[in-house]
Amino acid sequence: MRLPEDLLKRARRKAAAEGRTLTALIEDGLRLVVAENRKAAKRKRVLPRISTARGGPMPGLDLGDLSALQEIEDLDYVARMKRCK
């Protein structure tokens with residue numbers, strides 16, 4: 001395994017400052033990254049609303065416009081939060 005020299009020096013200093021080994025610091029870092037990836041994989045996907053009349057996306061919904069899809073998802077989230085109150 002090869003790490004950038006600057007990163008390795010900073011990691012050694014941090015480990016020493018915390019009274020830990022470099023290996024322990026690297027293990028903890030890897031655990032955090034793996035845990036984040038696992039959480040991201042478990043997140044529920046929100047699919048665009050489907051029109052029952054045509055069986056496709058709602059009229060006016062551009063599936064290629066990611067910002068528009070995110071906005072719709074955000075609005076749905078806000079609406080759900082308002083209903084929970």
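1. Glu27 is partly exposed, with a relative accessible area of 38%; here buried means under 20% relative accessible area, exposed over 50% and partly exposed in between, with a 1.4 Å probe and protein chains only. The side chain of Glu27 meets that of Arg31 in a salt bridge, at 3.9 Å from N to O, where a salt bridge is a side-chain nitrogen of Lys or Arg within 4 Å of a carboxyl oxygen of Asp or Glu. Arg31, at 52% relative accessibility, counts as exposed.

2. The model is a predicted one, in which local features need pLDDT of at least 70 and side-chain atom pairs count only at pLDDT 80 or more, while totals for chains, interfaces and linings use all residues. Residues are numbered from 1 along each chain as its sequence is written, and side-chain values use heavy atoms, with hydrogens and water left out.

3. Glu27 and Arg31 lie four residues apart in helix α2 (residues 22–42), and so they are separated by about one helical turn; helices are DSSP runs of H or I with at least four residues, numbered from the N terminus. Both residues also belong to a network of salt bridges that links Lys14, Glu18, Arg20, Glu27, Asp28 and Arg31.

4. By the rule used here, the count comes to six salt bridges.

5. Apart from the charged pairs, the surface carries a nonpolar patch formed by Tyr77, Val78 and Met81, which together have about 270 Å² of accessible area. Patches are made of residues with over 30% relative accessible area and no salt bridge, like charges being joined within 9 Å and nonpolar side chains (Val, Leu, Ile, Met, Phe, Trp, Tyr) within 5 Å. Accessible areas come from the Shrake-Rupley method with a 1.4 Å probe, and for residues only the protein chains shown count as cover. Val78 is found in helix α3 (residues 66–84), and this residue is partly exposed, with a relative accessible area of 41%.

How values were computed. Helices (H or I, at least four residues) and strands (E, at least two) are DSSP runs, numbered from the N terminus.
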